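Dear colleague,

I am handing over the structure below, and after it you will find notes on what came out of going through it. Please read them with the coordinates open.

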Amino acid sequence: MSQFDRALGIFPTAAAVQARRLEIISGNIANANTPSYRARDVDFRQALREAGDDMRLAVTQPEHIAEPDQLTRDALRYRIPLAPARDGNTVETHIEEAAFGDAAGRYLAALRFSEGALSGMRKAYRGD
Amino acid sequence: MSLTNVFKLAGGALNAQTVRLNTIASNLANVETVSGSAQSAYRAKRPVFTAVLENATNELQSGFGVKVQTIAETRRVNQQLFDPENPLANQEGYVYRSNVNPLEEMTDMLDAARSYETALTTASTARELMMRTIDMNTK
């Protein structure tokens with residue numbers, strides 16, 4: 001693992017997962033009028049675990065219990081609708097809009113934290 | 001990259017909603033259209049959307065886009081109108097009106113406009129996030 005990766009920590013991975021989430025949610029919004037379409041969202045904890053191996057617990061002692069292998073498990077979940085439509089569509093545009101805003105905000109936050117880490121490193125290299 | 005896919009998905013949604021608005025315009029334009037037979041009478045048209053995978057082999061790798069599968073005609077009965085003066089009237093003096101319900105079309109139009117707006121907003125948010133990523137500022 002390079003020095004850069006260590007300095008940036010989890011934030012690039014978090015941003016990637018949020019970008020993925022933005023894509024899934026925009027797919028939901030696009031299909032707001034598609035019959036039988038079921039809205040999906042990313043299980044953030046699961047996706048983050050799948051995205052970065054470093055986030056998983058290491059088994060270094062015989063007493064340690066290995067984390068169940070969840071890489072194959074689906075990080076995408078179907079949203080449970082509050083009021084499903086008669087045509088089987090479970091997209092609720094207001095909820096998707098809120099989720100989209102949430103993901104965008106979190107993406108920006110991850111970006112901001114990465115910026116902070118990079119500017120810290122730059123300061124250290126410059127020595128000023 | 002996921003953010004570029006948002007543009008594709010939003011673009012597909014804008015396209016689908018435009019088709020929907022077009023059919024609504026066509027329906028509204030033909031509210032007063034009459035015809036000499038039940039077969040040739042105008043029937044309200046509705047686009048049928050379907051979810052499609054944009055550019056992935058696996059549905060877990062990408063969001064679903066939307067596509068207009070077909071444009072279906074409503075099956076509501078066309079009303080008969082007794083109008084013997086009409087040159088299109090049949091031998092009994094009846095014409096067949098279009099089966100468009102203007103109120104239904106107007107509410108559908110509002111819904112289509114809202115969906116269009118939402119898709120546009122997702123695209124512009126994605127654009128903003130992308131620009132912020134490109135301009136990542138490290139002073």
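In what follows, a residue is called buried when its relative accessible area is under 20%. The model is a predicted one, and by that cut-off Asn28(A) counts as buried, because its relative accessibility is 0%. Asn28(A) lies in helix H2 of chain A, which covers residues 11-30, and its side chain makes a polar contact of 2.8 Å with the side chain of Tyr37(A). Once neighbours within four places in sequence are set aside, Asn28(A) is in contact with Tyr37(A), Ala39(A), Arg40(A), Arg79(A), Val91(A) and Glu96(A).

Turning to the interface, the contact between the chains draws on 33 residues from chain B and 31 residues from chain A, and the area buried between them is about 2800 Å², with carbon and sulfur atoms giving 60% of it. Between chain B and chain A, eight residue pairs are in polar contact, both residues being at pLDDT 80 or more. On the side of chain B that touches chain A, the elements that give two or more residues are helix H1 (2-29), strand S2 (45-53), strand S3 (64-73) and helix H2 (102-134) of chain B; of these, H2(B) gives the most, with ten residues. By class, that side of chain B has twelve nonpolar, 15 polar and six charged residues.

The rule finds one salt bridge across this interface, and Glu97(A) forms a salt bridge with Arg114(B), where the closest N and O atoms are 3.6 Å apart.

With best regards

Conventions
Residues are numbered from 1 along each chain as its sequence is written. Chains are lettered from A and ligands numbered from 1 in the order in which they are written. This is a predicted model: local features need pLDDT of at least 70, side-chain atom pairs count only at pLDDT 80 or more; totals for chains, interfaces and linings use all residues. Side-chain values use heavy atoms; hydrogens and water are left out. Contact means heavy atoms within 4.5 Å. Buried area is the accessible area (1.4 Å probe) that two parts lose on being put together, summed over both. A salt bridge is a side-chain nitrogen of Lys or Arg within 4 Å of a carboxyl oxygen of Asp or Glu. A polar contact is a pair of N or O atoms within 3.5 Å; within protein, one must be able to donate a hydrogen and the other to accept it, and residues adjacent in sequence count only if both atoms are side-chain atoms. Helices (H or I, at least four residues) and strands (E, at least two) are DSSP runs, numbered from the N terminus. Ala, Val, Leu, Ile, Met, Phe, Trp, Tyr, Cys and Pro count as nonpolar, Asp, Glu, Lys and Arg as charged, and the others, Gly among them, as polar. Buried means under 20% relative accessible area, exposed over 50%, partly exposed in between (1.4 Å probe, protein chains only).
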